[in-house]
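Biologist: I am new to this structure, so please take me through it one question at a time.

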Amino acid sequence: MTVLDGIKTRNFLVIGRVGMDLSPDPAGTRTRDAQSMMVAMGGSSANIAAGLVKLGCKAALVTCVSDDAVGWYCLNQLDHYGVDRRHVKAISGESRTSLAVYETRVDEHQSVIYRNNAADFQMSIADVEAVNYSAYGALITAGTVFAAEPSRSATFRAFELARAAGLPIIFDVDYRPYSWPSPDVAADVLSRAGAMADVIVGNDEEFGFMAGGIDKGLEKARELAGSSATIVVYKKGPEGAVTFADGDELRTGIYPVEALKPTGAGDSFMAGLLASLSEGRDIRDAVLRGSACASIVVSKPGCAPAMPTAIRLQAFLDTHPGPTPV
């Protein structure tokens with residue numbers, strides 16, 4: 001199975017966290033001034049899974065949640081979005097489901113993430129070995145899943161099992177310094193994961209981090225595309241993206257919008273990119289549609305709730321003036 005063949009099955013196995021998001025309501029309110037909060041599902045992997053389902057694909061999540069009210073909330077939300085949760089395990093003990101408190105504002109934006117003794121880091125090798133990989137077309141994960149044990153070893157084992165089953169591996173670098181014991185450990189582990197991936201998505205800072213300097217990030221992305229990965233997307237924020245595929249370097253812009261918040265863009269980009277590739281669209285169109293999904297999400301409250309459906313995405317594309325020139 002080629003990378004695109006796997007993606008075109010439209011059936012994804014997603015490894016990584018689901019959590020609860022709280023954001024001050026109404027939009028624009030600072031956390032310190034909050035009187036009420038909007039609650040929603042969060043977590044990079046869960047957001048990607050929800051985004052894929054909203055765009056017409058299938059997605060199953062592999063992770064752990066705490067066996068308490070917050071964990072139960074997350075399980076209910078996965079059901080709400082249509083994400084298969086047969087591989088989500090509720091665990092007892094002192095580990096807790098992650099909680100994010102972030103503001104729906106761009107100016108002096110504050111995001112506070114509670115990840116101490118996180119339940120998702122308790123995912124084990126046994127958990128990933130219980131999955132039937134042949135039932136899926138591709139595996140997706142985000143970098144935070146590698147930040148601690150036993151989740152790190154479990155995910156590398158999942159990579160091995162996915163590869164043995166012929167599944168392409170899709171990796172969002174998603175470097176979050178607060179999750180890691182040290183930058184050196186993060187650089188080593190994320191580089192190992194990147195070398196095993198068929199599709200790699202990251203921003204300029206993340207590729208630069210893996211390469212040992214932000215000025216070396218683009219060359220790192222180019223190197224990965226030339227050695228191991230089929231598709232590498234090097235995101236540059238408001239300057240668009242450089243995509244390496246089939247020996248070509250493709251530059252694309254973004255869809256400018258009035259942003260309410262900076263969060264959720266990367267997760268939505270990944271969902272839009274993969275859903276578009278799964279429909280047989282060419283790489284340029286897929287990257288641009290991923291960029292459009294990112295713009296939609298930053299212009300609305302919440303992350304998973306803001307992920308567009310296929311109808312919403314098409315309406316945005318039909319009415320927007322178009323991407324920035326490159």
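Biologist: By class, how many charged residues are there in the lining of the second largest pocket?
Modeller: A pocket here is an open set of points on a 1 Å grid over the protein atoms alone where a 1.4 Å probe fits, with protein on both sides within 12 Å along at least five of seven lines, and its lining residues have an atom within 4 Å of a point. Nonpolar means Ala, Val, Leu, Ile, Met, Phe, Trp, Tyr, Cys and Pro, charged means Asp, Glu, Lys and Arg, and the others, Gly among them, are polar. K8, D246, R281 and D282 are among the residues lining the second largest pocket. Its lining has five nonpolar and two polar residues, and the charged ones number four.

Biologist: What kind of model is this, so I know how to read it?
Modeller: Residues are numbered from 1 along each chain as its sequence is written, and side-chain values use heavy atoms, without hydrogens and water. Local features need pLDDT of at least 70 and side-chain atom pairs pLDDT 80 or more, while totals for chains, interfaces and linings use all residues, as this is a predicted model.

Biologist: Which residues lie nearest the centre of the largest pocket?
Modeller: The space in the largest pocket is about 1,200 Å³, the volume being that filled by probe spheres set on grid points joined across faces, edges and corners. Its 42 lining residues comprise 18 nonpolar, 14 polar and ten charged ones. Nearest the centre lie P262, T263, G264, A265 and G266.

Biologist: In which sense do β6 and β7 pair?
Modeller: L99 stands opposite Y114 in β7. Strand β6 covers residues 99-102, and its four bridges with β7 make the pairing antiparallel.

Biologist: How are α10 and α11 turned to each other?
Modeller: Axes are lines fitted to C-alpha atoms, for helices over the stretch in contact (heavy atoms within 4.5 Å), and angles run from 0 to 180 degrees between N-to-C directions. The axes of α10 and α11 are 10 Å apart at about 95°. Angles under 35 degrees count as roughly parallel, over 145 as roughly antiparallel, 65 to 115 as roughly perpendicular and the rest as oblique. The two helices α10 and α11 are therefore roughly perpendicular.

Biologist: How are α5 and α6 turned to each other?
Modeller: R152, F156, F159 and R163 in α5 meet V185, V189, R192, A193 and M196 in α6. The contact has six nonpolar, no polar and three charged residues. With axes 11 Å apart and an angle of about 10°, α5 and α6 are therefore roughly parallel.

Biologist: In which loop is N117 found?
Modeller: N117 is a residue other than glycine with a positive phi, near 55°. Its place is the loop between β7 and α4.

Methods: Two strands pair if DSSP finds at least two bridges between them.
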